[in-house]
Amino acid sequence: MRDEEEEDGLWPEHLPAVEAFIAVQDQWRVVAGFGGAFWLGLDHAACEASLRLAGIAVTPALWAELRVIETGVKAVLNGS
């Protein structure tokens with residue numbers, strides 16, 4: 001049975017980090033070979049430029065949340 005107060009979706013306090021990730025989601029460093037592709041992580045210099053151009057002010061807290069998202073997405077992409 002589902003608790004009536006339980007909510008699905010994104011908590012409002014995490015929205016800035018998700019918006020930041022969406023702005024940099026195409027800035028991956030990838031190694032490709034005969035065994036397939038391996039996602040190393042986001043290119044941080046490219047992310048800095050993308051975020052600045054998108055008008056997103058990056059604080060240390062926002063960057064930390066973005067890195068958490070990066071870690072989770074990297075695990076999924078690499079099949080971990």
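Start with a question: by about how many helical turns are Arg67 and Glu70 separated in helix 3? About one turn, because Arg67 and Glu70 are three residues apart in that helix.

Ground rules next. This is a predicted model: local features need pLDDT of at least 70, side-chain atom pairs count only at pLDDT 80 or more, and totals for chains, interfaces and linings use all residues. Residues are numbered from 1 along each chain as its sequence is written, and side-chain values use heavy atoms, with hydrogens and water left out.

Helices here are DSSP runs of H or I with at least four residues, strands are E runs of at least two, and both are numbered from the N terminus.

Back to that pair. Arg67 and Glu70 form a salt bridge, with the closest N and O atoms 2.7 Å apart. The rule for a salt bridge is a side-chain nitrogen of Lys or Arg within 4 Å of a carboxyl oxygen of Asp or Glu. Arg67 is partly exposed at 36% relative accessibility. Glu70 is buried at 4%. The cut-offs: buried is under 20% relative accessible area, exposed is over 50%, and partly exposed is in between, using a 1.4 Å probe and protein chains only.

How many salt bridges does the rule give? Two. The other one joins the side chains of Arg29 and Asp43, at 3.4 Å from N to O. Arg29 sits in strand 1, residues 28-33, and Asp43 sits in the loop between strand 2 (36-42) and helix 2, so this pair ties together parts 14 residues apart in sequence. Arg29 is partly exposed, at 46% relative accessibility.

In soluble globular proteins, nonpolar side chains tend to be buried together. Here the largest nonpolar core has ten residues: Ala17, Ala20, Phe21, Val24, Trp28, Leu42, Cys47, Leu51, Leu62 and Leu66. Helix 1 gives the most, four residues. By definition, a nonpolar core is a set of buried Ala, Val, Leu, Ile, Met, Phe, Trp, Tyr and Cys residues joined through side-chain atoms within 4.5 Å.

What does Ala20 touch, not counting residues up to four places away in sequence? Leu51, Ile56, Leu62 and Leu66. Contact means heavy atoms within 4.5 Å. Then Leu62, in helix 3. Leu62 is buried, with a relative accessible area of 9%. Leaving out residues up to four places away in sequence, Leu62 touches Pro16, Ala17, Ala20, Ile56 and Ala57.

On to the helix pairs. Axes are lines fitted to C-alpha atoms, for helices over the stretch in contact, and angles run from 0 to 180 degrees between N-to-C directions. Angles under 35 degrees count as roughly parallel, over 145 as roughly antiparallel, 65 to 115 as roughly perpendicular, and the rest as oblique.

Helix 1 with helix 2. The angle is about 110°, and the axes are 9 Å apart. That makes helix 1 roughly perpendicular to helix 2. Ala20, Ala23 and Val24 from helix 1 meet Cys47, Ser50 and Leu51 from helix 2. Ser50 is buried, at 17% relative accessible area. Beyond residues up to four places away in sequence, Ser50 touches Ala23, Val24 and Gln27.

Helix 1 with helix 3. The angle is about 60°, with axes 9 Å apart. That makes this pair oblique. Helix 1 brings Pro16, Ala17, Val18, Ala20, Phe21 and Val24, and helix 3 brings Leu62, Glu65, Leu66, Ile69 and Val73.

Helix 2 with helix 3. Here the angle is about 125° and the axes are 13 Å apart. Helix 2 is therefore oblique to helix 3. His44, Cys47 and Leu51 of helix 2 make the contact with Trp63, Leu66, Arg67 and Glu70 of helix 3.

The C-alpha atoms of Val68 and Ala17 are 9.4 Å apart, across 51 residues of chain.
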